[in-house]
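Student: Please take one part of this structure and look at it closely. I would like a connected account of how two neighbouring pieces of the chain meet.

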Amino acid sequence: MAYKGIDVSVWQGNSIDFNMVKASGIDFVIIRAGYGNGNKDKYFETNYSKAKAAGLHVGAYWYSYATSADGAKQEAKSCASVLSGKQIDYPVYFDIEEKSQLARGRNFCSSLTTAFCTELESRGYYAGFYTSLSSLNSVVTDAVKKRFTVWVAQWASKCSYPSAYGVWQYSSKGKVNGISGNVDMNYSYIDFPSTIKNGGFNGYGKSATANTSTTTVKKSVDEIASEIIAGKWGNGADRKKRLTAAGYDYNTVQAKVNEKLGTSSKKSTAIYYTVQRGDTLSGIAKKYGTTVSAIQKLNSSLIKNVNLIQVGWKIRVK
């Protein structure tokens, strides 16, 4: 499922009507908390309080001007200070897009991102980073992309980034009721609010969910493994973080996933495919020389309607 969102800063002014934003179908807003070393966004407090009051899920980002890993760490401390006492429903993102930073290459940019995000994590925040598709491909190491959740900017009708990401910024010229002028538009493909609240991140202490813990029925390892195969828990470090936050033992769950996929013993002859944006079941069937009905039969617990498949689903095709 995709959740629709926007991101805002001082550039949208201080007269955003977040009730109208919410009524227009927006689920979340990522608000600039500040920039550089110790500079709070002029309208962060106003935007945060009004967005929360309107019932929107709120994320935050910090625009970086850091020239060293230590500088990025200081920016993280400034960000944490601004967010102190608040409850943030989406990740807190390190915004790395300054040309002077990108020009210094992959190792430098990756060191900034790691320094900022790990400092925030040490303070109990669920951290990620934002950058453009071209920068993501050229100046961020694979290790960093797997370690922290990704918010990728590609202003197009389709995101072509092939690896895992949580949020896609698809336009800088959106129009939303309640906002004068253009606004950045986003889709989120992860239920971040549940992950963050259940894990006690971003100002949601463990006590925030304690009252509901006795009435929440925890899913079995088998059920969670099936959801992972369906693409609902992300990949790599992000999957491990989310499973741990939800109270599951990662190794136990992953072993069950391997068992279901036939990778824990002898090699399986089954063929699987991960659904991409723009895919149709008929197109997938044609690609693998099979039929729509055959694929649906192999995935009967997942595919209820052959006309409705979701990006990220891992389906068996043969």
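Tutor: Between domain 2 and domain 3 the count is zero. Keep in mind that this is a predicted model. Polar contact does occur: one residue pair between domain 2 and domain 3 makes it, with both residues at pLDDT 80 or more. By class, the domain 2 side that touches domain 3 has three nonpolar residues, one polar residue and two charged residues.

Now place the two partners on the chain. The domain assignment puts domain 2 at 221–264 and domain 3 at 272–316. It also gives domain 1, at 3–199. The contact draws six residues from domain 2 and five residues from domain 3. Taken over C-alpha atoms, the centres of domain 2 and domain 3 are 21 Å apart.

Next, the area. The size of an interface is often given as the accessible area lost when the parts come together. Here domain 2 and domain 3 bury about 430 Å² between them. Carbon and sulfur atoms carry 58% of that. Which residues of domain 2 lose the most area to domain 3? They are I229, A230 and L261. Together these three make up 78% of what the domain 2 side buries.

An unreviewed UniProt entry annotates residues 271–317 as "domain: LysM". In the model, the end C-alpha atoms of residues 271–317 lie 6 Å apart. That span is 30% helix and 13% strand.

N177 and A230 are 53 residues apart in sequence. In space, 35 Å separate them, C-alpha to C-alpha. N177 sits in the loop between strand 8 (167–174) and strand 9 (183–188). Leaving out residues up to four places away in sequence, N177 touches D17, M20, V21 and S24.

To recap the interface: about 430 Å² is buried between domain 2 and domain 3, there is one residue pair in polar contact, and the salt bridge count is zero.

Notes:
Residues numbered from 1 in each chain as written. Predicted model: local features only at pLDDT ≥ 70, side-chain atom pairs only at ≥ 80, totals over all residues. Heavy atoms only, no water. Domains from an automatic or database assignment. Contact = heavy atoms within 4.5 Å. Buried area = accessible area lost by both parts, 1.4 Å probe. Salt bridge = Lys/Arg side-chain N within 4 Å of Asp/Glu carboxyl O. Polar contact = N/O pair within 3.5 Å; in protein donor to acceptor, adjacent residues only side chain to side chain. Nonpolar A, V, L, I, M, F, W, Y, C, P; charged D, E, K, R; others polar. UniProt positions renumbered as here; feature names shortened; annotations may be inferred. Helix = DSSP H or I, 4+ residues; strand = E, 2+ residues; numbered from the N terminus.
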